[in-house]
Structure formats: C-alpha cells, structure tokens
Amino acid sequence: MRYLFLFLIFVFGLHIFSIFFPSDALAYCLGVLSLIMLLISFRRASRLFQILGASFTIAGIAMYFSTDLSVNQVIPLLGDNLSLLTLLAVLPWMNSIVTAGRYDRLMQHLLRGNVKHLGQLYQRSTTTMMSLTAFLNVSSATIAQDVLVDNLKPVVKKTANKFIMMTTLRGYSLALPWSPLEVLLAMGIFITGVSYTTLMPLMVLITVVMYVLDSLWGRLYFKKYAYPVQEKVIAGKQNGQNRSKIVQLVIALCSFLLLVILIGVIFDVEFIVSVTLLVFPFACLWALVIGRWKSFWTIGWQRWKNSVNHMDNFVVLFITLALFTNTLNESPALTMLQEPIIYVSDYPILILIMIQLLFVILSMFGVHPVATMGILSGISTMLMDILSPLSLAISLIIGGVSTVPIGTYGLVVTITSMSLKQSPYYITYYNLIYSAVFGALGILLAYLCI
C-alpha cells in the first residue's frame, strides 16, 4: 500500500471540487469512494478503531432498517465527513515547515537551564508546550518529554515523572481549544455551524484562565524542589536566534489565523475548508520566506506520504460515524435518546454536565474525544434547541479537550506512558483535578452563552 496516498488524495481532491461545484452524481460517487476507503482501511486500523468502527457500522445498519431511507440515499451520506479527513491529510505540511525551520530545536533551548527551582521550570515548560503545540501537535509532547527526562535525571524519579506528566500534557491541552489546526475545534464548528471568529475569543479566554490557574499552582507546588542541572548560560548569539524564531512563530500564527478568517468571510466557505485550502500554500510561502524550501520539501513530502498512507484509524472512525449519525437522525432510536434530554430540558446545566461526564467516562475506556463528539452530533439539532449553537460548541470542544490529559488510552497519554514507563492510569490520576477544573470552566462558560 505504498501508493495508497494517490487514491486518497484523488478522493479528497474530488471532495474539494464538489464543495464548489456540488451535484448529486458527484455526491454518490464520493459515497462509493468512501465505502472503498473504509474497506481498505478497516483491516489496517488498530484494534480499538476496528471495534469502534464495527460498533458504529452495526448500529447504523440496524437503525437503517427502521428508516425510510433507500440504499441509494444512504451511499452519498458516507462521504459526509470527508472534510475532516481532508483537513487531517494536509496537516503534516504545517508540521514539516516547523521541523524544516528548526523551530522544534527552539523548544529544546527554552526547556534548558536558567531556572532556580522546578516551579519556574513548570511555568516555562507549560508556556513552551502551549506555544509550539499549535504547530507541532503531538510532536511537541515527544520533544518536550525527551528534553525534560534528560534534564531531570538528578531529580528524584517519582518527582521528575510527576512533573513531566503534568506539565507536558497540560501545556499540550491548552493549545487545542483555539488552534485552527486542531481537529476537535474543527469538528465542534462542523457540528454546530458556529463561526471561528465567534468562538476564538471565548476559547482564548478559557485558555488564559486555565493557563494562569495551572501556572500558579505548578509554581507554588514545585517551588520546594531545586533544579539541580547547572548549564552554561546560552550565548548571546543563541539568545538572539531564539528571540528571532519566537517572533517568526508569532507572526506566522497571527498571519495564519487572520488568513483563515479572511478566506472564510470573502469566499463564504466553512472553517474546515478555509484551513484545508490554506495549510499547504501557507507552509510553502513560509518555507520560501525563511529560506528553507529544500529541507521543507524533503521533510514534508516523506512525512505527508507516510501520514496519508496511515490514516486508517481516522478513515474507519469518520466514515462509520457518518453512517451512524445519518441513520440515527432518521430512525425512531433518536426519540429514545431524546427522552432523557427532554426530561431535563428545563435544567440546561444538567445537560452540560452530562455531556462533560460522557467525554470523561468514555475517554477512560479508550474512546477518542472525536468519536464521543460524533456520537453527540447525532442529537446535536435537539441539543442546540436547548443550549444554543454557541453553547453546544463550547461544551463539545472543551469537553473533548479537557479529557486529553486523562484519556487513559489516548495517543498523548500513551506516548507519555511509554516515555516514562508509567501506568496510563497513574498519569490519568495526576491530571484528573486539572481536567475537572478545565471541564467545569467549560460548563460555566457554555451556560453563560445559552
């Protein structure tokens, strides 16, 4: 399957074309191609996603027989989530320009030396993780953990592990609510139809509040532990290079956010489409501006091919979710799911709490927040009648993001578990209070926006 990416890119390209030139025939063709993608990807997906995909498929087929839909009507519905898959396919290009520009090394420099105790290092580590995760995503966690494991060798192992599992996972989660490259944000907007310009100030607000609270706690809690690593102060030239790269990152991030907003407004396209269309040309332009085109293309081409060739988990998840949510919306089962919500419809705060608890409980059993969000999308129309689209968007996004540090079998927790040789449940335990506070703030903000 070395050349699977050619088939997938053809499908994604056809999907982009259909957005601007829609037709029933094209929608049916994309549905058939989505089914082919699912059949190819299912046997290559991990066991967890095979179970999730099979569950959604069985439930979707069972509900189909209780609907008035024909097979010809269901097939085009399989392509409903292709926008999310297309977005995931282009993200490696942004990661590649960060690597080609050697911004990942910036993280290594920022996490070394020049602090007196772990409290100061905690704040610095969280800030660095939050800043670079917007571009590096999961790679930021692996880089930060490698550097911190090396730097904290003189510290008591239990303390060092606790420090690393807290600061890296929490800093990582703080970048997700507002980053236009984050799939949870994209999916929340996709489900509710709320504009990114409306959501962004609120996502930034909750991020700042959580950052301040966690930084103060980390500084006070770890202040009692001295930072024993004595390194030479970075030379003035290196300091200058670091400042230059930080400025470049800030300019790039602000430019990207502005362009995403402008493209959405000018061309009247959805947020996901704006980001998808912008990522590759923006990364190319960035590489040319900083004079790293050759390394960008070398790194990016290989990374992109490898990433698209191994999208099996998300292909299985999103295509089976499309079947599940569409048949659910047309079946009597939707009424059964609506009944408990109708029962507490006069108390929207209870609905917000129920949504948060669903994310937390399922995350601890290995269900990806994207899958949980997909399940809730099946009743999103009813939820928006009670909560308002903005309120539901906040609840879904913060509900998903807040469980990232405690998702026992989630990708970042698993990476941390392997890096530190710690039980994933141990990592979940130490981040539980943080996630509870994060989720509670999300509930409060969503309630105020009803």
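How many helices and how many strands does the secondary structure of this chain come to? The answer is 22 helices and 0 strands, where helices (H or I, at least four residues) and strands (E, at least two) are DSSP runs numbered from the N terminus. The radius of gyration, taken over C-alpha atoms, is 22 Å, close to the 22 Å that the globule rule gives for 450 residues, so the chain is as compact as a globular protein of that length. That rule is 2.2 Å times the number of residues to the power 0.38.

Please note that this is a predicted model, in which local features need pLDDT of at least 70 and side-chain atom pairs count only at pLDDT 80 or more, while totals for chains, interfaces and linings use all residues. Residues are numbered from 1 along each chain as its sequence is written, and side-chain values use heavy atoms, leaving out hydrogens and water.

Let us turn to the interior. Of the 450 residues, 56% are buried, that is, under 20% relative accessible area with a 1.4 Å probe, protein chains only. Contact means heavy atoms within 4.5 Å; among contacts between residues at least 6 apart in sequence, 82% join residues at least 24 apart.

Finally, consider helix α17, residues 348–363. At 1.5 Å a residue, its 16 residues should span 22 Å, and its end C-alpha atoms are 23 Å apart, which agrees; the expected span is 1.5 Å times one less than the number of residues. Its buried residues include Pro348, Ile351, Leu352 and Phe359. Among the elements covering the buried residues of α17 are α16 (333–343), α20 (389–402) and α22 (424–448).

Technical notes: Buried means under 20% relative accessible area, exposed over 50%, partly exposed in between (1.4 Å probe, protein chains only).
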